[in-house]
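Here's a quick tour of a single model, one region at a time. Have the viewer open and follow along.

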Amino acid sequence: MTGKTIDKYSAGEQGLGYIYQARLALLQLLQSPEDTAIFLEKDDDLDFIHGDGGKSLASLKHKAVGDRLTDLSTDFWKSVNIWLVRYKTDGRAASNLRFFLFTTSTVSTGSFLVRLLPDQPVASRDAPTLTELADAALAESTSQLITPIAIAFNELSDPEKQDFLERILILDGSPRIGDIPALIKDKHMRPIRREHREFVFERLEGWWNDVVIKHLTGAEPEGIFGYEVSDKLSNFAEEYKADNLPITFRGKRPIEEIDADTDPRLFVAQLREIGISSNRIRGAILDYYRAFEQRSAWARENLLVLGEVEDYEDRLTEEWGRYRDVTFEKLKDDSAEEALREAGATLYNWAEFETGKIECLRIRARVTEPFVLRGSFHILADSTPEPKVYWHPRFLDRLGKVLGVAS
């Protein structure tokens with residue numbers, strides 16, 4: 001059996017690099033002070049603007065497992081080429097720049113690049129300087145790619161070369177793209193219950209990808225600050241506490257077109273019976289869809305306590321029954337249809353606009369999203385074989401006829 005061959009023209013690695021760039025940027029912002037701002041694809045893969053005004057340029061390299069970084073690795077020297085331009089533009093030794101190379105490769109033990117790794121001991125007086133080591137390495141190169149970089153490097157004086165090289169930090173063995181989610185969940189989501197971290201991460205990364213797209217397309221060209229990530233993560237975490245539930249269907253719409261005039265469902269038929277306008281019925285259909293899908297999402301994530309939805313619906317039904325009795329109290333057996341529809345509309349208006357003010361009618365204390373409550377009433381109004389709530393005082397008497405029309 002032959003091994004897997006890789007098409008040299010494949011865009012897979014390049015595509016992976018773009019995803020890696022966004023994921024690593026998120027991880028780095030979470031690990032940085034909150035006043036740090038990050039730019040993508042500005043002067044380098046990532047630009048960090050620190051709270052003290054300092055600036056760091058970072059090149060990212062997501063390489064094959066087992067890849068090594070040596071004296072003449074093009075990954076290193078191509079990054080040097082980018083950094084040299086900025087170093088010269090910003091005043092050379094007078095600049096406040098630092099340079100990072102994040103690579104999943106590891107630096108070969110015999111390479112002078114070991115001196116650029118974190119926490120390296122101070123070189124002895126007898127040891128060659130970084131300038132001497134770099135010059136010696138470049139002297140051995142016959143690469144057409146590295147030759148112009150060597151020329152640009154040699155435009156610096158020896159003290160400037162030393163200053164430039166001392167600003168570089170190689171972070172080898174950086175986490176691979178598949179490892180980053182676990183790092184974020186394990187190190188930055190400890191206040192969140194373990195069973196919820198996967199869902200919180202999915203929401204955080206979804207939000208982050210939207211932010212990155214807006215940033216790269218120029219819709220939001222300013223840097224992305226660490227505190228923005230912290231605030232969003234904190235907001236998501238709050239939604240997973242015992243008195244709250246995450247809201248993920250706000251603003252969502254069903255795939256199929258909404259047709260308020262021909263929708264055959266029972267809760268829609270109920271609204272037609274009391275003369276509710278097509279525009280309001282359209283809103284009711286959206287509330288039903290969002291509430292139904294949101295409940296399903298909560299169930300998939302195991303966020304609901306056993307019997308919680310049933311208890312919630314019992315509370316809604318009981319409160320509806322009390323207000324129904326008050327609203328229908330003065331109706332008589334021979335009340336005109338107009339009076340019946342007016343009473344039904346009054347009851348429905350209460351359910352749509354007033355119940356949100358009643359704290360005990362929330363599924364949980366901090367779940368205040370209107371569609372949850374409004375949509376839950378429509379779910380109850382759509383129950384079969386008989387709706388648990390209704391609006392028209394005679395609707396149950398007419399149910400058979402309505403169901404016949406709907407079918």
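Start with Phe48: its bridge partner in S3 is Ser56. That bridge belongs to the antiparallel pairing of strand S2 (residues 46–49) with S3, which runs over four bridges. As this is a predicted model, take the geometry here as computed. Between the two strands of the hairpin sit five residues, and Gly53 takes a positive phi near 95 degrees there.

## S3 and the sheet around it

On to the other pairing of S3. Strand S3 (residues 55–61) also pairs with strand S5 (residues 97–103), this time in the parallel sense and over seven bridges.

How much of S3 is covered? Seven of its seven residues are buried. In a regular strand, side chains alternate between the two faces of the sheet. In S3, Lys55, Leu57, Ser59 and Lys61 point one way, while Ser56, Ala58 and Leu60 point the other way, and all of them are buried.

Next, a side-chain pair. Glu160 lies in helix H5 (residues 158–166), and its relative accessible area of 19% makes it buried. The call is made because the cut-off for buried is under 20%. Leaving aside residues up to four places away in sequence, Glu160 touches Tyr87 and Arg92. With Arg92 there is also a side-chain to side-chain polar contact of 3.0 Å.

Arg92 itself is found in the loop between helix H2 (74–89) and S5. Its relative accessibility is 25%, so it counts as partly exposed. The backbone deserves a look too: Arg92 has a positive phi of about 55 degrees, although it is not a glycine.

## Another positive phi

Asp119 is also not a glycine, yet has a positive phi of about 60 degrees. This residue lies in the loop between strand S6 (106–107) and helix H3 (130–139). Is Asp119 buried or exposed? With a relative accessible area of 79%, Asp119 is exposed.

## The cavity

Rolling a probe the size of a water molecule over the atoms shows where empty space is left. Here, one cavity of 30 Å³ or more turns up, and the largest cavity has a volume of about 40 Å³.

Which residues line the largest cavity? They are Tyr348, Ala351, Glu352, Arg374, Phe377, His378 and Trp391. Helix H12 (337–354) and helix H13 (370–381) each supply at least two residues of that lining. Sorted by class, the lining has four nonpolar, one polar and two charged residues.

Last stop: the peptide bond between Thr384 and Pro385 is cis, with omega at about 10 degrees. Pro385 is found in the loop between H13 and helix H14 (395–406).

Technical notes: Residues are numbered from 1 along each chain as its sequence is written. This is a predicted model: local features need pLDDT of at least 70, side-chain atom pairs count only at pLDDT 80 or more; totals for chains, interfaces and linings use all residues. Side-chain values use heavy atoms; hydrogens and water are left out. Buried means under 20% relative accessible area, exposed over 50%, partly exposed in between (1.4 Å probe, protein chains only). A polar contact is a pair of N or O atoms within 3.5 Å; within protein, one must be able to donate a hydrogen and the other to accept it, and residues adjacent in sequence count only if both atoms are side-chain atoms. Contact means heavy atoms within 4.5 Å. Two strands pair if DSSP finds at least two bridges between them. On a 1 Å grid over the protein atoms alone, a cavity is a set of points where a 1.4 Å probe fits but cannot get out, and a pocket is an open set with protein on both sides within 12 Å along at least five of seven lines; lining residues have an atom within 4 Å of a point. Grid points are joined across faces, edges and corners, and a volume is the space filled by probe spheres set on the points. Ala, Val, Leu, Ile, Met, Phe, Trp, Tyr, Cys and Pro count as nonpolar, Asp, Glu, Lys and Arg as charged, and the others, Gly among them, as polar.
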